[in-house]
Structure formats: C-alpha cells, structure tokens
Amino acid sequence: MRVAVIGAGIVGVTTAYELARDGHEVAVFERRTSVASEGSFANAGVVAPGYVAPWAAPGMPAKVLRHLFGRHAAVRFAGWPDAALARWLWRWWRECAPARYAVNRARLHRLAAYSRERLDALTDELGLDYERARGYLVLLRTPRDVERAQPGLALLREVGARHECLDAAGCRRVEPGLNGDTPLAGGIHLPDDGVGNCRQFAHAVKQVAQRRGVQWHFGCEVLAVTPGARPQLTLRRVAPQDGVAAPPHALDVDAVVLCSALGTLPLLRPHGARLPMAPVYGYSITAPLRDLDAQALGAPRAALMDETFKVAISRLGQRVRVAGGAELGGSLEQLRPQPFATLHKVLDDWFPGAAQTAQAQRWKGARPMMPDGAPLLGASGLPGVWLNAGHGSSGWALACGSARVVADLIAGRECAIDTDGLGLARYRAAARAAVAAAAQPAA
C-alpha cells in the first residue's frame, strides 16, 4: 500500500520505519524542517517501563492542589483553565479512581515493556548509537518519600520489573557523583531501564528508513485529511519556494497514519471526532559537562528521578539534561522562569558544579495527553485513517512498541501484545461520531 504518515516526531519516524519494513510505500509529511523538532527534541530521554504510569492516579487531584502553592511545584496552571481544559480535567479526575487507574496502568505497562523490547531489538538489528546508558535510579529524599513509594514498589513487583531498594549509601554506589550534603533517605534502582537520546535515535532511524525507500517531505503542512477508500491529503508548503507561496494541492494514498500529536485534533475535528487530548507542557535544560571524563565523580552516569520534584536528570554523552514540570494552560511560546529555576535547583542539589549551566539550552515541549494516559492506536473510525497519537510524557518510552502495533493492525495481523483499551473505542462518543460522519454521503 501507499501510506502517508503525518508527523516526523519519534512516533512518526518509528511508524514510517515499521511500515516500510512491512513492504509499504511510505511518505512522511512534516511541517518542520527535520525529524524530532518538537516534542521529541529535548525530552528527558528516560526509558523506564516500570515507571510509565498514567498521570491520572489515586490521590493526584489533592497532590495537584498542594503543588499549586509551592515555590518549586511539579504541577502548575498558566492562568485559569479554558472550557476545553476544564472538560479535560473533569475526565482526568474521573480516571483517578483506583479501579480505573489499575486498568490504565496495566495497559500502559504492557505497551511500555513491549516498546523497550522493540527498542532493544532495533538497536541491535540496526546497530544504532544514540548515547544510551543503562540504569535508572529513583531518589527518595525523605522517609515520607519512601513511604509514598510503597504502592509503586508493589506494582513493580506485580509486573515483575527487576528492581532493588537501596539506602543512601547504596544510591551513592550506583551514582557516585551524588552530592553528599543533600538529604537522601533511599532510592529504587532499576538496572534494566535507562536513558537514550531520543532525537539522535530518530535521526538514525530516519536514515535507515530512507534507505528502505521512505520519502520525507519537510516544510510541508497537512491542512486536511479526507477519509475514504483512497484517503486524500490537502498539503501546503510551509516554506515558500523562490519567495512565492505554493497553493495547496491534493494527494491520494491508500492509508493515512496520524502521528501528529496535538496536530491530530484539527485533522479529525471536521469529521466529527472530537478527542479529549490536551497539551501538558514540560521543560528541560541541557548543558555540557565540565569534566568530560566518562567516569567523572561529579556527574551522573545514567538516569535519575528526583521523586520529590518529579524531575529527571539524564546523562547524554558529554551533556546532562534535566527535565520535568507539568504545566496546564498557556502556550508553547510562554517560557516561564519558575520551572527552569526548579530544574536548576534539582541539578545543583544532586550534582553541584557538574554542568556548565551558563551554556544551557532551554526547551519547552507540549505533551499530547489523553485523560486516562494511554495513547490512541489503531483505526480512527474513518475509512483509511489510522491513529498513533496521544502518548503524553511517554512518547519516547512507548514509540517503538506503538509503531509495531499500528503496523500490525494495518496489516491485519495479530499483535504481539493485547491492545484492548488502546484504541479509540474507549472514547465511545468520539468513535460513534467518527463512524456516523464517515457514513454520511459526500456532499
């Protein structure tokens, strides 16, 4: 089949590769000038299936309210929620019920574990190098943090994730560079998890996919998708050629896969499918290390998570990345100072002086979040249109598995994992609207 993939973030790139691997003729359309230029550009880089969990969890609404008044709050509102965000928060609140959380977390973990298997397989099969390091250490600053970690530990045991509970000395054996002056009650070490440069991986897979025949169309915006036996794209070049804007033009294909994150919403809305997807913004800083010795004692070795502030510290080659924060409302262009101050604080608490922070690259990205935390994979309800979107803050951790699942669904093959609850059907109203719209005769 001739398949169009919309979006060249980590989800779109891996999807294009898997489809080309299946023998399809694949074309990718991306409005930016390169792959991994938006939400995949400077994320934390952590791949830790055991800690991939829905944001909608028991007790989270109360935690969000408490965080609102903290100087270094993990969750912030950028002004009052508008009507769309208020509706999303209502659905999210309902998903925080313990029974719903258990179902949603099981779905996510199943996909995350499979995705790590696919990531490992692709890394070995294709010989990819993307600044990968093994090991993920969750830092628990206080005895209260240790107490609050117990439900998470029970879930790790339940899913069979290899882990070890450590005291402060054990944490410093894993990460010798940890600052001894910062209080530390203990930690959880997951040796099979780790970190990798998502953007570098995307570029490497893009090159492999290109050799398999995938065509890449950058600076090309998809204005509309018309479903049908032969879906049609309406395209427009973002960057005018020779100073003259090219008019929109149409392209017919056999199938379309929407890997366009929040850009999925305007493409589906004209067809009656109104998805409850909202941007949850995250921040990061990336700075070169002062000591480039790979075993330098003052620098992180792999990936860490400060459980108190929900901030990740990642070693990416000769750089350190600090990422975190969950901001609701506002816009991508508004770079607020306080989230960056929190990132600097956490880095200075654990690895003071390790990075040249004066040279830090600042970044803010939008995470396309569904209320229940799971992505949308599979049929959209519109003929010829498929979904691979809504991965929230776990796009990198879920990308390889999601891509393989969607490729298998398009091919009509049985998937390697149970995909129940990962499709649009769980949002029945949106699914019904899409089907009803598709059944209407063309005007």
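Reader: Before we get going, what counts as buried here?
Author: It comes down to relative accessible area, taken with a 1.4 Å probe on protein chains only. Over 50% is exposed, and the range in between is partly exposed. Buried means under 20%.

Reader: OK, so is S115 buried or exposed?
Author: Keep in mind that this is a predicted model. S115 sits in helix 4, which covers residues 98–126. Its relative accessible area is 1%, and the cut-off is under 20%, so S115 is buried.

Reader: Which residues is S115 in contact with, leaving aside neighbours within four places in sequence?
Author: A16 is 99 residues away along the chain, and its C-alpha lies 16 Å from that of S115. The contacts come from another stretch: A397, L398, A399, C400 and G401.

Reader: How does the span of helix 10 sit against the expected one?
Author: Helix 10 runs over residues 337–350, which makes 14 residues. Its buried residues include P339, F340 and W350.

Reader: Now the open sheet: which strands stand at the edges?
Author: There are 6 strands with mixed pairing, in the order 8-2-1-12-19-18. Each edge strand has a single partner, so one side is left without a neighbour in the sheet. Those are strand 8 (215–218) and strand 18 (376–379).

Methods. Residues numbered from 1 in each chain as written. Predicted model: local features only at pLDDT ≥ 70, side-chain atom pairs only at ≥ 80, totals over all residues. Heavy atoms only, no water. Helix = DSSP H or I, 4+ residues; strand = E, 2+ residues; numbered from the N terminus. Contact = heavy atoms within 4.5 Å. Expected span 1.5 Å × (residues − 1). Pairing = 2+ DSSP bridges.
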